[in-house]
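Hi everyone, thanks for making time this morning. Let me put the structure up, and then I'll walk you through it.

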Amino acid sequence: YTAARKFFAAAEAYGLQTEVQSWGHTLTAAANLHMMLGLGTGRLGSTCFEQAAPAEPYEVGMVDVVRVDAEGMVRVPNSPEKPGGLGVRVDWEKLDEIATHRTVI
């Protein structure tokens, strides 16, 4: 977040509008949404949220997803089973089932 904040501040100093590229896997979308909200709106923050279409291929292995609603708004995920963090739960069993490569560290 700190590096992104510095980038957005530099862009603001030059009068440039910036946007966070937010589409991608649910984990990416959730992280970018949190960053976007932390930066605010207007010149410094983002004014739109990009969602992949179709969304389903980017939601594999997730219990919770980030989607634009019927009013065209996106809400911060807030799973009651996983408070804090990004607010989305990972389906580790599903990811284990479809994994093609594993690295043990």
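Let's begin with proline 77. Leaving out residues up to four places away in sequence, proline 77 touches Ala30, Leu33, Val66, Leu86, Gly87 and Val88, where contact means heavy atoms within 4.5 Å. Before I go on, a word on the source: this is a predicted model, in which local features need pLDDT of at least 70 and side-chain atom pairs count only at pLDDT 80 or more, while totals for chains, interfaces and linings use all residues. Residues are numbered from 1 along each chain as its sequence is written, and side-chain values use heavy atoms, with hydrogens and water left out.

Back to our proline. Where does proline 77 lie? You'll find proline 77 in the loop between α2 and α3, the latter being residues 92–98. Helices here are DSSP runs of H or I with at least four residues, strands are runs of E with at least two, and both are numbered from the N terminus. Is proline 77 buried or exposed? Its relative accessible area is 11%, so proline 77 counts as buried. For that label, buried means under 20% relative accessible area, exposed means over 50%, and partly exposed is in between, with a 1.4 Å probe and protein chains only. If you'd like a distance to go with that, the C-alpha atoms of proline 77 and glutamate 19 are separated by 20 Å, and these two residues are 58 apart along the chain.

Now let's step back to the whole protein. Of the 105 residues, 30% are buried. Taking contacts between residues at least 6 apart in sequence, 62% join residues at least 24 apart.

Next, helix α1, residues 2–13. With 12 residues at 1.5 Å each, α1 should span 16 Å, and its end C-alpha atoms are 17 Å apart, which agrees. That expected span is 1.5 Å times one less than the number of residues. Which residues of α1 are buried? They are Ala4, Phe8 and Ala11. These three cover an arc of only 60° around the axis, which puts them on the same side of α1; the arc is that of the directions from the helix axis to the C-beta atoms. On the face turned away from that buried side, α1 carries the exposed residues Thr2, Ala3, Lys6 and Ala13. Just after α1, glycine 15 takes a positive phi of about 75°.

What do the buried residues of α1 pack against? The answer is α2, residues 26–39. Seen from the other helix, α1 is included in what covers the buried residues of α2. The buried residues in α2 include Ala30 and Leu33, and both of these are touched by proline 77. For its length, the 14 residues of α2 should span 20 Å, and the end C-alpha atoms are 20 Å apart, which agrees.

One more residue in α2 is asparagine 32. At 14% relative accessibility, asparagine 32 counts as buried. Apart from neighbours within four places in sequence, asparagine 32 is in contact with Val20, Gln21 and Ser22. Just after α2, glycine 40 takes a positive phi of about 85°.

That's my tour, so over to you for questions!
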